[in-house]
Amino acid sequence: ATGARKKARAPAPLHSFLLAGRRGRRAAIRCAVAGNGLFTQTNPDVRRVVPAERGLPRVRVVYVVLEAQYQSSVTAAVMQLNADPRRAAEFEVVGYLVEELRDADTYAAFCDDVAAANVFIGSLIFVEELALKVRDAVAAHRDRMDAVLVFPSMPEVMRLNKLGSFSMAQLGQSKSPFFQLFKRNKKDSSGFADSMLKLVRTLPKVLKYLPSDKAQDARLYILSLQFWLGGSPDNLQNFLKMIAVSYVPALKGADITYSDPVLFLDTGIWHPLAPAMFDDVKEYLNWYGTRRDANDRLKNPEAPVIGLVLQRSHIVTGDDGHYVAVIMELEARGAKVIPIFAGGLDFSGPIERYLVDPITKKPFVNAVVSLTGFALVGGPARQDHPKAIASLMKLDVPYIVALPLVFQTTEEWLNSTLGLHPIQVALQVALPELDGGMEPIVFAGRDPRSGKSHALHKRVEQLCTRAIRWAELKRKTKMDKKLAITVFSFPPDKGNVGTAAYLNVFSSIYSVLKDLKKDGYNVEGLPETPEELIEEVIHDKEAQFNSPNLNVVYRMNVREYQALTPYANMLEENWGKPPGHLNSDGENLLVYGKQYGNIFIGVQPTFGYEGDPMRLLFSKSASPHHGFAAYYTFVEKIFKADAVLHFGTHGSLEFMPGKQVGMSDACFPDSLIGNIPNIYYYAANNPSEATVAKRRSYANTISYLTPPAENAGLYKGLKQLSELIASYQSLKDTGRGNQIVSSIISTAKQCNLDKDVDLPDEGEELPANERDLVVGKVYGKLMEIESRLLPCGLHVIGEPPTAVEAVATLVNIAALDRPEENIFSLPGILAATVGRTIEDVYRGSDKGILADVELLKQITEASRGAVGAFVEKTTNSKGQVVDVKSKLSSILGFGLSEPWVEYLSQTKFIRADRDKLRTLFGFLGECLKLIVADNELGALKTALEGSYVEPGPGGDPIRNPKVLPTGKNIHALDPQSIPTAAAMKSAKIVVERLLERQKADNGGKYPETIALVLWGTDNIKTYGESLAQVMWMLGVEPVTDGLGRVNRVEPVSIEELGRPRIDVVVNCSGVFRDLFINQV
């Protein structure tokens, strides 16, 4: 294996040796989106087998599969059948990968092939738009065909099944056992493939003894599935013989004999050198311990143990070269392996059965690497993330999900600036992240001719080394572990070394180090206060990056830098020979920071292009400078960190040039992070950039809380304006009304409110109703300014907010309707007591109707008061939340008068609906517990101990309280789940309001075109609300498929829309483009 021998000089990166001397061939690649490899460019003709004409009956077979592992097996089976001198038929076959059907020419060729075929086979067709294409092409010829066999796929395609009298056309209406498999089962939504496997085991034995044709056809369908899942050329030969002799009229009664399927274990342990598959982990470990080929490192009981998760279909079809390469590489590096597999789509059972000791409940492994690329439960079909997380929590080791290329050939991927194919990003990067998967390293490519996977050896080395480094964290003592804490300086030269979004960095580092020291880590010489820590690291609170004030921890000479940094020569094109002028004293490269025992606090160098912002934004050929590379070389090779902790949102490592997702070893983030496990504290409200850090710097991103939000309030002229409006309301019917309005107009102009509100001239005589309207508009603007949310101060890791600080957050949580949980908003409940809807009040306030502005102010104040009274009851004298549960049950029980009711009884909202209030405040109590919970330090220590950090969504805690408590491995969302129905509902209201306002401003005409920016974070927080706004302006609605995913839209009729469709010019942020490329 490659890891066993180290070369003196670093080899050229993967790009260079694969593309060397191929200039002539590159022109031959058809590229739908130049340079981006968006569509699979392989030619289905490589999967076509046409026998020589011998005058025998011909069976024409077309098959469609998700991945190419069946290609070599099917081709081998058909070649053997056609080579048999005693054959009674000739077999002509052609195969398509489902993604190829996006291409119009390929789809036309597919339709032609289907029209000529008499047997169709499909498997794992789970992308709706392509499933519908397959359905349309096959449905037109289904009745004519001799057999149509579709194995686990979307219901639309499963309904095509036809084998004699056996059919699934009624799937979705009938009570048949097959329909039961596809029913949406809340408890175990991934179970249909596993239920099917159980049926496959038992049904043929039962059906054999039933006389009817229907039973025999059903039996042959299930035998077909057994043959298909068996996957070997022998199984597939017998499968084709069975279908041909049973269903092709020209071969009825022909002399064709077939054997029963050779069955493999549904789940088990597989090793390429083992004599058989194992169903018992103890048996496997006994065999492993007696291996004669194993070296002493492997026999060492202290060797790290890595669990591997494999797809059974790759093993049984013989497409396992990439798996063998990973196993051999790990063993060459001294790690033992337990490679487990499953035939269905649920790997949670095998993980618990084979990787956890049933007696001690401790894991047999120190880390797990999934080589399937799919979500742990449900694969490409319907996922069950809670079930996956429960299994991984029991296992409690780092969980890495590596990727084989599925929809691209190796060459397409290498030539692509985008990296991975967008469908693969959605299926095999975004979905595993929801399980807590990390490090999407591409470890295997695909051969365009044979369809077989092959190992990418440089990538396999990277994957295996990193997996072992994560495993070592489980085994090393705390006293011996070395941690490199990296702080940032952005923007540079602004006196802000050690800054991050919403975070007090040095106070947080100090809090972390105190906790680590208490926990047994070696933090020698830690100063007494955070201020002293700043002094020692940067000597000056206002330090600029290149100032002489920063503490130099290491001077690296050029020879040492070049010897330890294999990619140093790739930086010379942009930065010349080292050491260069950044992070250098002219002779050496300088590493800034300070060491405390086994903890190093370092300052990440700047990007390098800061003086040239256009180059910083647009240069694709850019690279990090020598000082940047020297910093990470120092951390990995000289300080020898066991892990690096990037502290706060955000640095520039993950934004370095390279592919967007699925990097090669010529991509700079991959080169820079090297083999160091990367832990990254990231703001909970920024999941989109956290996702960039996860995918491009292989980070385990741990969320931290943003500071509690407070209402901005009013000051100076605005406060004076508020007082004038109050006096107008009490004196407007006296002779002083006009005079006060004049003062209001004059003060509003001093405060620049005339930029937002149309104001008449001062001193102009106005009738009473117009005076009210002017005051109402100014009052509405003041309310908007006053209630605007601002973050209070900076967050310190390990210090959750007090309950009082959380009041404003709770008020804002209470301001949203949550229909899916039957929770009504507090402003909505209060508005209903005076016979109004809150929407109506908002609309009146926007128009400046004084009575509505005043009512909205009363509702807002009553909301704050009621929530404040509730929080007061659940806290102690120090303002800390104490035992919320018992306090809540006594409040929500019958013992005490409810504090919110007590408060509201002193306002005009005394008649508010008690039941709705009780439900809402029960929910707010749960939210309060989450807000003050704290696991930010706990999650860091979990990661440093080589354990599994529970994943959780990032986003806005007000809209989605599930973001709390922080200290979770932050992820975005399933890109195929947006926009949700709730987002669409909100978007419709916003769009109609916007168009109403535009129409009023444009003399009753609708706008022709609206421009809109789509941001990544915004769409994650709102589950696609801005995306839904674009759709509703156009007058289209998203349509969910049978698995609840959104992959297409349908137009709404103009009659239903009640207005013209609006053209939309959309500008996407780069992060939106990368996270939601399906939607793009």
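A patch is built from residues with over 30% relative accessible area and no salt bridge, joining like charges within 9 Å and nonpolar side chains (Val, Leu, Ile, Met, Phe, Trp, Tyr) within 5 Å. This is a predicted model, in which local features need pLDDT of at least 70 and side-chain atom pairs count only at pLDDT 80 or more, while totals for chains, interfaces and linings use all residues. Residues are numbered from 1 along each chain as its sequence is written, and side-chain values use heavy atoms, leaving out hydrogens and water.

**View 1. A patch of negative charge on the surface brings together Glu528, Glu531, Glu532 and Glu535.** Asp and Glu count as negative, Lys and Arg as positive, with His and the chain ends not counted. Areas come from the Shrake-Rupley method with a 1.4 Å probe; for residues, only the protein chains shown count as cover. Look for glutamate 531 in helix α21 (residues 530-538); helices (H or I, at least four residues) and strands (E, at least two) are DSSP runs numbered from the N terminus.

**View 2. Proline 578 and proline 579 are joined by a cis peptide bond.** Omega is about 10° here, and proline 579 sits in the loop between α23 (572-575) and β17 (588-596).

View 3. Proline 965 belongs to the loop between β24 (951-953) and β25 (969-971).

Methods:
A salt bridge is a side-chain nitrogen of Lys or Arg within 4 Å of a carboxyl oxygen of Asp or Glu. The place of a charge is taken as NZ of Lys, CZ of Arg, CG of Asp or CD of Glu.
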